[in-house]
Amino acid sequence: MKNHQIEVRVRYSETDQMGVVYHGNYIPYFEIGRVEWLRNKGISYKSMEENGIALPIVSMNINYKKSARYDELLTVHTAFKSRSAVKIEFDCAIYNESDELLTTAHFILVFVSLKTGRPTAPPDNILELFKTLE
């Protein structure tokens with residue numbers, strides 16, 4: 001239950017003239033992974049925002065190991081690592097169709113009140129989810 005996978009196909013607009021994915025385009029792939037990890041657990045990021053809570057990244061560390069290329073089908077792995085009173089951490093990885101590890105990443109996100117812009121406790125439904133992960 002801590003892990004989730006989703007496939008993403010590399011689009012032409014995400015690559016350079018050599019068909020290699022531009023390094024900044026891995027960040028949206030990882031975002032897709034995190035949003036779908038939440039959705040898979042029954043939590044809609046959209047409804048969380050509608051209820052006044054955002055989840056911005058406060059730290060990310062990305063390690064590039066091998067290039068992704070145009071039209072490859074990538075698998076984004078997202079794994080819950082830990083949480084604290086207002087933070088959630090994920091370890092992520094991207095693999096290509098040959099199951100070669102392309103990129104790894106670690107993200108720290110903070111629950112923030114959209115009214116105040118300050119860190120806040122996660123909503124009750126996310127706290128319940130955390131109990132199942134620990």
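A residue counts as buried when its relative accessible area is under 20%. By that cut-off, 40% of the 134 residues in the chain are buried. The model is predicted. Its secondary structure consists of three helices and seven strands.

**Fold and dimensions**
- Along the sequence, the elements follow the pattern β-α-α-β-β-β-β-β-β-α.
- Taken along the principal axes, the C-alpha atoms fill a box of roughly 45 × 30 × 25 Å.
- Among contacts with a separation of 6 or more, 65% join residues 24 or more positions apart.

**Surface and charge**
- The chain carries 16 positive and 17 negative side chains.
- The centres of these two sets of side chains lie 6 Å apart.

**Glutamate 89**
- Glutamate 89 belongs to strand E5, which covers residues 87-95.
- This glutamate is buried, yet has no salt bridge.
- The nearest side chain of opposite charge to glutamate 89 is lysine 81, at 4.8 Å; a salt bridge needs a side-chain nitrogen of Lys or Arg within 4 Å of a carboxyl oxygen of Asp or Glu.
- With neighbours within four places in sequence left aside, glutamate 89 is in contact with Ala79, Phe80, Lys81 and Ser82, and also with His106, Phe107 and Ile108.

Notes
Residues are numbered from 1 along each chain as its sequence is written. This is a predicted model: local features need pLDDT of at least 70, side-chain atom pairs count only at pLDDT 80 or more; totals for chains, interfaces and linings use all residues. Side-chain values use heavy atoms; hydrogens and water are left out. Helices (H or I, at least four residues) and strands (E, at least two) are DSSP runs, numbered from the N terminus. Buried means under 20% relative accessible area, exposed over 50%, partly exposed in between (1.4 Å probe, protein chains only). Contact means heavy atoms within 4.5 Å. Lys and Arg count as positive and Asp and Glu as negative; His and the chain ends are not counted. The place of a charge is taken as NZ of Lys, CZ of Arg, CG of Asp or CD of Glu.
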